[in-house]
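User: I would like to go through this structure with you. Could we begin with the terms and then turn to the contacts?

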Amino acid sequence: MIVGVPKEIKTDEYRVAMIPVGVEELTRRGHQVLIQAGAGQGSGISDEQYAGHGAEIVAEAAAIWRRADLIVKVKEPLPEEWPLLREAQIVFTYFHFAADEELTRAVMKSGITAIAYETIKDGRGTLPLLTPMSEVAGRMSIQEGAKYLERPFEGRGILLGGVPGVLPANVAILGGGIVGANAAKVAAGLGANVTILDINLDRLRYLDDVMPRNVTTLFSDRHNVLDCLSRADLLIGAVLIPGARAPYLVRREDLKRMTPGAVIIDVAIDQGGCVETSKPTTHSKPTFMVNDVVHYCVTNMPGAVGRTSTYALTNVTLPYVLQLAKRGHDKAVQENPALAEGVNIRRGKVTNPAVAATFGLECVGSAR
Ligand SMILES: NC(=O)c1ccc[n+]([C@@H]2O[C@H](COP(=O)([O-])OP(=O)(O)OC[C@H]3O[C@@H](n4cnc5c(N)ncnc54)[C@H](O)[C@@H]3O)[C@@H](O)[C@H]2O)c1
């Protein structure tokens with residue numbers, strides 16, 4: 001099979017969908033790998049490194065889309081890529097169809113088979129291709145929060161861990177899932193006073209068992225959230241209700257309870273955000289102020305640490321790429337139910353019930 005990896009063209013996107021070991025694994029099995037020139041640049045991987053492991057470096061994206069049977073990407077195809085989609089081609093990437101009707105219709109029209117990273121579901125019911133990006137965003141949220149608490153960035157001028165004789169910062173984390181747990185671990189490691197709020201008591205019990213002593217768990221109800229707000233120097237928004245918009249746990253009028261210069265990192269912004277005053281921002285201008293509280297609401301946080309994110313992502317995507325290349329679409333999805341869950345559109349027909357329901361489209365049933 002010919003596997004193609006175009007360069008990502010979305011603004012501030014530095015990830016790439018394949019690293020040299022992926023090229024080596026594919027070429028060793030007799031497949032051909034086309035990498036667009038400069039595709040790995042944002043992640044610190046040179047064309048020479050790819051070529052050294054057997055890839056053919058191709059100058060133009062159009063040539064990759066024309067020749068490859070399987071396209072592996074990171075972000076959804078952008079409008080300028082839509083004319084390049086080729087009937088019966090397999091495209092394996094994050095699509096997030098439910099958030100974009102135009103994209104959904106363009107992909108249907110193209111006749112490709114779209115396998116979405118975000119809906120691949122393993123036997124335990126988890127989403128293995130989303131987890132690594134939540135790990136990155138969770139850890140990064142504290143790094144960013146620490147930076148924006150600095151006075152030159154309009155923060156309170158507080159060091160997260162304090163120093164001997166001076167209290168550490170208070171960090172409140174709304175949602176104790178993958179993002180929340182990773183944020184808590186990093187904040188606790190820096191010496192901050194951390195509180196994780198969640199509505200899932202089993203999850204709180206688990207976190208209570210595994211977290212260090214400077215992490216406290218608290219049931220997430222309106223009173224506890226408000227109480228934490230008034231003490232928080234740094235607030236991390238990390239709630240998720242699968243398939244739904246994030247709930248507003250912090251309302252506009254609640255901001256006046258916060259100390260001027262406190263920082264909110266609303267990681268859940270890609271699902272609408274859990275703070276009413278949040279609105280999406282980019283890495284080029286990540287923050288804005290409301291009521292003297294710094295808001296950071298970047299929708300693709302992992303994109304900024306392209307190298308780490310690329311390696312974390314490709315660790316989990318490569319086994320599926322190898323399977324698709326070896327068995328082809330039909331056999332691969334028959335043999336692997338997790339992969340079948342990823343098929344959202346098959347040769348132009350919607351196979352994912354949630355996507356079909358979102359736009360009132362016909363769902364042609366299981367991809368298998
Ligand atoms: N901005 C970015 O770049 C970026 C990157 C990765 C993930 N995310 C987003 O971060 C969010 C969290 O992702 P995750 O992987 O940690 O999800 P997760 O499912 O692992 O965790 C979500 C947690 O929120 C909890 N929750 C639900 N309602 C709550 C409430 N009312 N109060 C407190 N907790 C509540 C759930 O019980 C769960 O433990 C998602 O919206 C995800 O899309 C954003």
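Analyst: A residue is called buried under 20% relative accessible area, exposed over 50% and partly exposed in between, with a 1.4 Å probe and protein chains only. This is a predicted model, in which local features need pLDDT of at least 70, side-chain atom pairs count only at pLDDT 80 or more, and totals for chains, interfaces and linings use all residues. Residues are numbered from 1 along each chain as its sequence is written, and side-chain values use heavy atoms, with hydrogens and water left out.

User: Is Arg28 buried or exposed?

Analyst: Arg28 has 56% relative accessibility and counts as exposed. Arg28 also forms a salt bridge (a side-chain nitrogen of Lys or Arg within 4 Å of a carboxyl oxygen of Asp or Glu) with Glu25, the closest N and O atoms being 2.7 Å apart.

User: And which residue does Asp254 pair with?

Analyst: Asp254 forms a salt bridge with Arg222, at 2.9 Å between the closest N and O atoms. The pair links distant parts of the chain, 32 residues apart. Asp254 is buried at 2% relative accessibility, whereas Arg222 is partly exposed at 29%.

User: How many salt bridges does the structure hold?

Analyst: There are 16 salt bridges in the structure.

User: Changing topic, which residues come nearest to the ligand?

Analyst: Of the 26 residues around the ligand (a heavy atom within 4 Å), Ser134, Val179, Asp198, Asp270 and Met301 come nearest.

User: What lies 3.0 Å from a nitrogen atom of the ligand?

Analyst: A backbone N or O atom of Val267 does.

Methods:
A polar contact is a pair of N or O atoms within 3.5 Å; within protein, one must be able to donate a hydrogen and the other to accept it, and residues adjacent in sequence count only if both atoms are side-chain atoms. Helices (H or I, at least four residues) and strands (E, at least two) are DSSP runs, numbered from the N terminus.
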